[in-house]
Amino acid sequence: MSWVAILMGSESDWPTMRGCADVLADLDVGYEVRVTSAHRTPVATAEYVADALSRDCGVFVCGAGMAAHLAGAVAAQTVRPVIGVPIASGPLSGFDALLSTVQMPSGIPVATVAVGGAKNAGYLAAQIIAAGDAALSGRLGDDRETNRQGVARQNASVQEDLAGDSG
């Protein structure tokens, strides 16, 4: 069964990237987490990607701040989907990471979520794997329904509050 590799450029990215791991755990999708750097450990990064591919990794989620080349470095090593998570850090609060992640050359795509959007990266990774996994697709559908019900409850609460104000 396919699983997700969650990679980050440094340990300081973990508080953000934990959101991806939490989503995958909630959906019962297997994952591994590694700290590896496109710049400081490029050989180890490439070796990890090759090893993960040999073990049927289906999607790579890469979080990095500032120069944010990790997702691109991983995408250069595989044709499996790569999702980039720009991390809010440095003087530009993640805008530089967003541009570094989204501006990939033709032929080396990286799907990119919002700055700090690790939860959505987890959902997107699960959706990619669910294309070939009916049980996971069902769990994703259940999660969406739970979210819809939560919004309906919130709306009902606001409407009750408004009705109380008009009296």
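Glu32 forms a salt bridge with Arg55, their closest N and O atoms lying 2.6 Å apart, where a salt bridge is a side-chain nitrogen of Lys or Arg within 4 Å of a carboxyl oxygen of Asp or Glu. This pair links distant parts of the chain, since Glu32 sits in strand β2 (residues 31-35) and Arg55, 23 residues apart from it, in the loop between α2 (42-54) and β3; helices (H or I, at least four residues) and strands (E, at least two) are DSSP runs, numbered from the N terminus. The model is a predicted one, in which local features need pLDDT of at least 70 and side-chain atom pairs count only at pLDDT 80 or more, while totals for chains, interfaces and linings use all residues. Residues are numbered from 1 along each chain as its sequence is written, and side-chain values use heavy atoms, with hydrogens and water left out.

Glu32 also forms a salt bridge with Arg34, with 3.6 Å between the closest N and O atoms. At 18% relative accessibility Glu32 counts as buried, whereas Arg34, at 35%, counts as partly exposed (buried means under 20% relative accessible area, exposed over 50%, partly exposed in between, with a 1.4 Å probe and protein chains only).

In helix α6, Arg148 forms a salt bridge with Glu145 at 3.1 Å between the closest N and O atoms, and because these two residues are three apart in the helix, about one helical turn separates them. Elsewhere, salt bridges that share partners join Glu32, Arg34, Asp51 and Arg55 into one network.

Met66 has a positive phi of about 55° although it is not a glycine, and its place is in the loop between β3 (57-65) and α3 (70-75).
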